[in-house]
Amino acid sequence: MNHKIFEGIRTPFYYYDKELLERTLDAIESCTAGTPMKVHYAIKANSEPEILRIISSRGFGADCVSGNEIKTAIECGFRPENIYYAGVGKTDEEILTGIDAGIGCFNIESLEEIDILSELASERGVRVTVALRVNPNIDAHTHEYITTGLKENKFGIDLRVLEDAIKKVKASQHLDLGGLHFHIGSQITISEPFKILCDRINDLQAQFRLDGIKFRFFNVGGGLGIDYDNPDENPIPDFTSYFDTILSNLHLEEGQEVHCELGRAIVAQCGSLISKVVLVKKGLDKSFVIIDAGMSDLIRPALYGAHHKIENISAEGLPTDKVYDVVGPICESSDIFGKDELLPETRRGDLISLRSAGAYGSAMASHYNMRDLPGVLIK
Ligand SMILES: *Cc1c(COP(=O)(O)O)cnc(C)c1O
């Protein structure tokens, strides 16, 4: 990375590599062109307007989880009919935002929500398309805070009441059943959970066909993981294997579509959090590199013990033979980006890059400690 482009910019800031984002989108398109797969971008991963415009210009749909995300998606060029709205606790105001905008689908997460949505659609005198989010009880082998498809999770409708849910939707004049929705977790790096999900969907399709119920689409959610340890070797996730797994294991009927909602896999690798070394504190047992970015800028390490590759981009090419803990300035013991990191000799003023930070980085930034939000550079 040529750090000259970062000179004079106030740190910390997120740097997004536009070219890598475009190449990532190219890779997805080449896997899905001519298939029944439609890709929706999960905009909670990164809702930077310029990034949203790049993604929407490819004709991707958007997966939203709040009323404000719906509004932003529309402002940034996503077509309302390609916007899907999921969430366990949609407020009336948010639901009405979606109805009035004419979004393509509401992903319903409980029996209770069916009645609420039906009532609000009736008030507006419209019929809305829904998908039922099913909790398929699949272990995605990922962190407990980012697994979502186990039966004790708050997400989705339990398989045992799915039939009741379908009947309820069918009984409403204001709801149109489009399909079934699933999302089993995030940062999934093996194909097995996706294969099991396809088997589960095939079983459901066969089971409900006996009752004469047809689905226009299945939405397999997001969750494809990325290589946090080797961002330079694997800048683009293995989309070929992901889409092959889904398209070859799902038994789709004529005219049926399959949708997915990738977030992290699209934007994580194109982003880095660029920060400056405030000082190097020499402890008796350890040395600490204290940087001006903290958990308020990038909370993943503090929140779920995630690790982002750390590079000293001011000392590029020098031997990485010094050991440091790399920490932020915030008054929390969990404000740590790396323990016993191997770095070159590091000095006050050096620029530090925290890699693979394009997803759930800036989107989760806060003002904690009354800090400013991190800046943005898209190039
Ligand atoms: C967060 C989320 C996604 C995106 O997950 P990634 O792991 O970033 O791909 C997709 N669908 C739903 C319903 C989500 O909540």
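**The ligand site and the cavity**

In this predicted model, an oxygen atom of the ligand lies 2.8 Å from an N or O atom in the side chain of lysine 44. Lysine 44 belongs to a shell of 14 residues that surround the ligand, and the closest of them are Lys44, Ser186, Glu261, Arg264 and Tyr360.

**Contacts with the ligand**

- Serine 186 places a polar atom of its side chain 2.3 Å from an oxygen atom of the ligand.
- Arginine 264 takes part through its backbone, where a polar atom is 2.8 Å from an oxygen atom of the ligand.
- On its own the ligand has 390 Å² of accessible area, and the protein covers 94% of that area.

**Make-up of the shell**

- When the residues around the ligand are sorted by class, the shell has six polar residues, five charged residues and three nonpolar residues.

**Empty space in the protein**

- Rolling a probe the size of a water molecule over the atoms is a way to see where empty space remains.
- A search of the whole structure for cavities of 30 Å³ or more finds one, and the largest cavity holds about 30 Å³ of space.
- The lining of the largest cavity is formed by Gln205, Arg209, Ile213, Lys214, Phe215, Glu253 and Gln256.
- Sorted by class, the residues that line the largest cavity comprise three charged, two polar and two nonpolar residues.

Terms used:
Residues numbered from 1 in each chain as written. Predicted model: local features only at pLDDT ≥ 70, side-chain atom pairs only at ≥ 80, totals over all residues. Heavy atoms only, no water. Near = heavy atom within 4 Å. Polar contact = N/O pair within 3.5 Å; in protein donor to acceptor, adjacent residues only side chain to side chain. Areas by Shrake-Rupley, 256 points an atom, 1.4 Å probe, with all protein chains shown as cover. Nonpolar A, V, L, I, M, F, W, Y, C, P; charged D, E, K, R; others polar. 1 Å grid on protein atoms, 1.4 Å probe; cavity = no way out; pocket = protein on both sides within 12 Å on 5 of 7 lines; lining within 4 Å. Points joined across faces, edges and corners; volume = space filled by probe spheres on them.
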